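Here is a short tour of one protein model, taken piece by piece. Keep the structure open while you read.

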Amino acid sequence: MTTKTRVCILSDTHTETPHPAPLIHKPYRHPLPKADIFLHAGDLTKVGREAEHQTIIAMLKQDVDAELKIVIAGNHDLTHDRNYYAERGGRWHGSARREDSEVIRALYTNQSAREAGIVYMEEEVRTFTLKNGAKVTVYASPYTPEFCGWAFGYERDEDRFNPNTAPIASSVNQWVPDFPGVDIMVTHGPPAGILDKINWGQSVGCENLLKACRRAKPRLHVFGHIHEAYGAVRRDWSIDKNSEIEKEDREVVMNNRRRYIDVSSGAEEPLRYGEETLFVNASIVTLSYSADNAPWVVDLDLPVA
């Protein structure tokens, strides 16, 4: 038995909060779409300053209307990668202006955040039960292939997502579960070949993450990181082929302040769970870091607790 559940998705806000409501030419504006679950796939900030995090926390508390608000970090959220920041934070913030990573982490995990429905996840699996009766199991990871010395990086020959015994993977906290162990995956970066092309056409997604997705077959996989690859596709695992989601009319997107996909049982083309995954690159900012992309809203079926 399943129940229809609404998910609102953002990524790569880089401290940009929704535009004022009167700016009707901007789809990312007040009020954000209401949902049962809200997902933010990382790069909350520009460089992880406490003031930036305070801005995002205020947005999560005041502007996000959802029962459950799941948040992960990205490579720009330097202070969330505590080991990285302890060793290399001075490169970005200078030794005289270093931030306190524990204070920043507490913004997302303290009682005030919990009361607002905020759940910060970092390379782990958690299961939640919603008021509509849905039970959702989420895998999360902020890690992406190493890029210019930013946070949460790993070498491409390291497999953080699939069970293995290689010493290089000894720091992994949680593998991606086998099917049907996870309903939603939230990673900062894309899997290889799925909404991962940079501006000059090269695919930069992770092969090991794709391998994990093929093994887990989640209902929904959300990410960002590659700003110019914003979009959504359905992946048919039987033929390993993507099909693009039909684009909505621009005026409809602007009026509704979101891109919308219905893959629930009542849709024209319901998601075939176990055979398909819906992938969403939800980067709010463009390649030029302008907050011009629309949030995504997805209706999908989740198992009843």
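## Ground rules

Helices (H or I, at least four residues) and strands (E, at least two) are DSSP runs, numbered from the N terminus. This is a predicted model, where local features need pLDDT of at least 70 and side-chain atom pairs count only at pLDDT 80 or more, while totals for chains, interfaces and linings use all residues. Residues are numbered from 1 along each chain as its sequence is written, and side-chain values use heavy atoms, with hydrogens and water left out.

## Helix α1

Let's start with α1, residues 50-62.

Which residues of α1 are buried? They are Glu 52, His 53, Ile 56, Ile 57, Met 59 and Leu 60. Seen down the helix axis, these buried residues fall within an arc of 160 degrees, so they line one face of α1. (The arc is taken over the directions from the helix axis to the C-beta atoms.) On the other side, Ala 51 and Gln 62 are exposed. Buried here means under 20% relative accessible area, exposed over 50%, and partly exposed in between, using a 1.4 Å probe and protein chains only. The cover over the buried residues of α1 includes β1 (2-10), β2 (35-40), β3 (66-71), α3 (101-109) and β4 (118-120), with contact meaning heavy atoms within 4.5 Å.

## The seven-stranded sheet

Next up is an open sheet of seven strands with mixed pairing, in the order β5-β6-β9-β10-β14-β11-β12. At the edges sit β5 (124-129) and β12 (241-244), each pairing on one side only. Two strands pair if DSSP finds at least two bridges between them. On average, neighbouring strands of this sheet are turned by 25 degrees against each other, direction ignored.

Zooming in, β9 (184-187) and β10 (220-223) run parallel and are joined by three bridges; Val 186 has Val 222 in β10 as its bridge partner. Helix α5 (207-216) packs on the sheet and touches β9, β10, β11 (231-236) and β14 (276-281), its direction making about 170 degrees with that of β9. Axes are lines fitted to C-alpha atoms, for helices over the stretch in contact, and angles run from 0 to 180 degrees between N-to-C directions.

Most residues other than glycine have a negative phi, and most peptide bonds are trans. The bond from His 30 to Pro 31 is cis, with omega near -15 degrees, and Pro 31 sits in the loop between β1 and β2. Phe 179 and Pro 180 are also joined by a cis bond, omega about 5 degrees; Pro 180 is in the loop between β8 (153-154) and β9.

As for positive phi, Glu 123 has a value near 50 degrees. Glu 123 lies in the loop between β4 and β5 and is buried, at 2% relative accessible area. Arg 257 has phi near 60 degrees. Arg 257 is found in the loop between α6 (250-256) and β13 (259-262) and is buried too, at 19%.

## Nonpolar cores

A nonpolar core is a set of buried Ala, Val, Leu, Ile, Met, Phe, Trp, Tyr and Cys residues joined through side-chain atoms within 4.5 Å. The largest one has 53 residues, and Leu 60, Tyr 108, Phe 161, Met 185 and Phe 279 touch the most other members. Its largest share, five residues, comes from α5.
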